[in-house]
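Please open the model in a viewer and keep the selection panel at hand.

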Amino acid sequence: MGLSGSAPWVKFYGTTPASIDYPHTTMYQQLATTAKRYPNNIAYNFMGKQTTFKAFLDRIDAAAKGLHAMGLRRGDRITICMANTPQALDCFYACNRIGVIPNMIHPLSAAKEIAFYLNFSKSKAILTLDQFYDKVASILPDLKQPCEILIAKVGDELPFPLGLIYPLTKGGQHPLPKTGYRLWYDMVAAGKDVTLPADTGKYDDCGAILYSGGTTGTTKGIMLSNLNFNALGLQTIAASGFSSVAGMKMLSIMPVFHGFGLGIGIHTALIGGATCILIPQFSVKVYADTLLKRKPELIPGVPTLFEALLRAEALQNADLSFLKGIFSGGDSLSPELKKKVDLFLKEHGCKEQIREGYGTTECVTASCLTPKDYARSGSIGVPFPDTFYKIVKPGTTEELPPNNEGEICLSGPTVMLGYMDNEEETRQTLRRHGDNRIWLHTGDLGHMDQDGFVYFRQRLKRMIITSGYNVYPSQLENIIDGHEKVLLSCVIGVKDSYRVQRVKAYIVPMPGIEPTDALKEEILDYCSSRIAKYAMPREVEFRTELPKTLVGKVAYRVLEEEANAKEES
């Protein structure tokens, strides 16, 4: 089970148990157990409005009745296209209560992407915010099945008088037509007299669908079970070094459609009895103000989030001694940034350092974390309890000895059920090895030392990570190449001090087309309705031709090296 069947990393666990007893419950059942244990604890704080666990459970049950009254039944799918708001959480757990599967997507997805996700998941409904109604309504003709639009409003959840002034401070009102959708609270009210069906959910049912590029860079729907989420929560709390997180506050700033945001920022906090401080939209100012006002003990985030600490003017003289756990994942944290942030924390009264972890959406999120008292430079930590890592020779199941570079594989209770409607990709990614365990082949290169500390090097799959989001160049190239004036394109990631990487597109125009600024704007405008905002190219460079490999493929690595060398010079 990694390093010839042993688990040498356990001796660095400190107070963390080597194994955990995982209850055979659904996510809703696990949350309900916590709510009954801590009914008066605050489940979440949304811009100053606090909701107790007891009230939260009541809200979930009311939403479940509304969804049932709509006609949604066990096994149906509903797309949640939301920011971190109370309605997103209510809907997620209400779905789980009645066996409906939430399909989680980015609210800033382009219209064509939303159409793809709705068709791909066969969703019968979509929940989104009023400001995105026009975008969602525009793609209804492209859908292969009827899909009801549910609309939530941020203002409905704000404390008085913030609810009144919010629309005036956030870009104005978002007028809706009279028909074509149902308001979230009307849907909930319509279920008032419904009797919920018996809770027959099972621990190994699919609890949610999240998205990733898989090992080939094409979009995959990742089916994650109730056990996957519950095990992640219990493992994370155990590995954090805290005997309990009940009553603590977690800054839930990572988005709810993201494995890290949903799995740790929401579910781990909630089943542990902690409070989620919900942040619907990130900005350095909101981030800094929330830290100072709410004083969360726990912050999970991507490296960009911690880099923002250094740029927040409001934090320059702040006392950050309230921070007890700072966890980085979603992308590699450079040793340089870690040193800067750790020094910043120390100078501001915090006794903790950033603890780096690693994971993939195929196991919800984290599966490995730096032990509290045993950090090793450059390491992403040791495996979670009941999780095993091994390094194999790429393309095989052959385990390599310590300190040899190969593909990172992992096995444990958070490994996905598989890719939705894609047996071939599932077969390539989940493989049964000679030890008879199912191993997840991550597509990432790294090594383990003799003590079981894991070191990440690079991705085998071609992927850009920008501000913690996965961007797949081949998908963007297909879109750009669809423009009538584009002959060929190549998309790469360029090192960026803030985003880690930014997206750059090299474009060869069609013969006879002049490479002008007007053409650049035309192509970017074409892309904006087809590519999510975070994945949009931030630079476009025209070329008469692109470098090729010996077999005639575009040599994207040559362009990467060239662009990054220019960045460093």
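## Helix α8

Select residues 226-240, which form helix α8 of this predicted model. The helix has 15 residues and reaches 21 Å from its first C-alpha to its last, close to the 21 Å expected at 1.5 Å a residue. Is α8 mostly covered or mostly exposed? It is mostly covered, since 14 of its 15 residues are buried.

Select R355, in strand β14 (residues 354-359). R355 is buried yet has no salt bridge. Which side chain of opposite charge is nearest to R355? That side chain is E352, 6.0 Å away; a salt bridge would require a nitrogen-to-oxygen separation within 4 Å. Leaving aside residues up to four places away in sequence, display the residues that R355 touches: A239, S240, I326, F327, S328, L369, T370, P371 and K372.

Next, select A366, in strand β15 (residues 366-369). A366 counts as buried, because its relative accessibility is 12% and the limit for that class is under 20%. Its contacts, again without residues up to four places away in sequence, are L232, I264, Y358, G359 and F384. For a sense of distance, draw a line between the C-alpha atoms of A366 and A125: the two residues are 241 apart in sequence and 30 Å apart in space.

## The nonpolar cores

Select F56, L67, I78, Y93, W184 and L270. Of the 102 residues in the largest nonpolar core, these touch the most other members. Which helix supplies the largest share of this core? Helix α3 (residues 86-98) does, with eight residues.

Centre the view on I78. Not counting residues up to four places away in sequence, I78 touches L67, L72, C91, C95, V100, I101, P102, N103, S123, A125, I126 and L150. A second, separate core has 27 residues, including I299, L305, F306 and C350.

Most residues other than glycine have a negative phi. Two residues may be inspected with this in mind.

Select K122, in the loop between α4 (111-121) and β5 (125-129). K122 has a positive phi of about 55 degrees although it is not a glycine. The residue is partly exposed, with a relative accessible area of 48%.

Select D421, in the loop between β19 (418-419) and α13 (423-429). D421 likewise is not a glycine, and it has a positive phi of about 55 degrees. At 58% relative accessibility, D421 counts as exposed.

## Salt bridges

A search of the whole structure finds 26 salt bridges. The following selections visit some of them.

Select D451 and K11, whose side chains meet in a salt bridge at 3.6 Å, N to O. D451 lies in the loop between β21 (438-448) and β22 (454-459) and K11 in the segment before α1 (27-37), so the pair ties together parts that are 440 residues apart in sequence. D451 counts as buried at 14% relative accessibility, whereas K11 is exposed at 56%.

Select R59 and E157. They form a salt bridge in which the closest N and O atoms are 2.7 Å apart. R59 belongs to helix α2 (residues 53-69) and E157 to the loop between β6 (148-152) and α6 (162-169), so this pair ties together parts that are 98 residues apart in sequence. E157 is buried, with a relative accessible area of 2%.

Select D205 and R74, a salt bridge whose closest N and O atoms are 3.8 Å apart. This pair links distant parts of the chain, 131 residues apart: D205 lies in the loop between α7 (184-190) and β8 (206-212), and R74 in the loop between α2 and β3 (77-81). D205 is partly exposed, with a relative accessible area of 26%, and R74 is partly exposed, with 39%.

Finally, select D496, R502, K504, E539, E541, R543, E562 and E567 together. Salt bridges that share partners join these residues into one network.

Methods
Residues numbered from 1 in each chain as written. Predicted model: local features only at pLDDT ≥ 70, side-chain atom pairs only at ≥ 80, totals over all residues. Heavy atoms only, no water. Core = buried A, V, L, I, M, F, W, Y, C linked by side-chain atoms within 4.5 Å. Buried < 20%, exposed > 50% of the residue type's maximum accessible area, 1.4 Å probe, protein only. Helix = DSSP H or I, 4+ residues; strand = E, 2+ residues; numbered from the N terminus. Contact = heavy atoms within 4.5 Å. Expected span 1.5 Å × (residues − 1). Lys, Arg positive; Asp, Glu negative; His and termini not counted.
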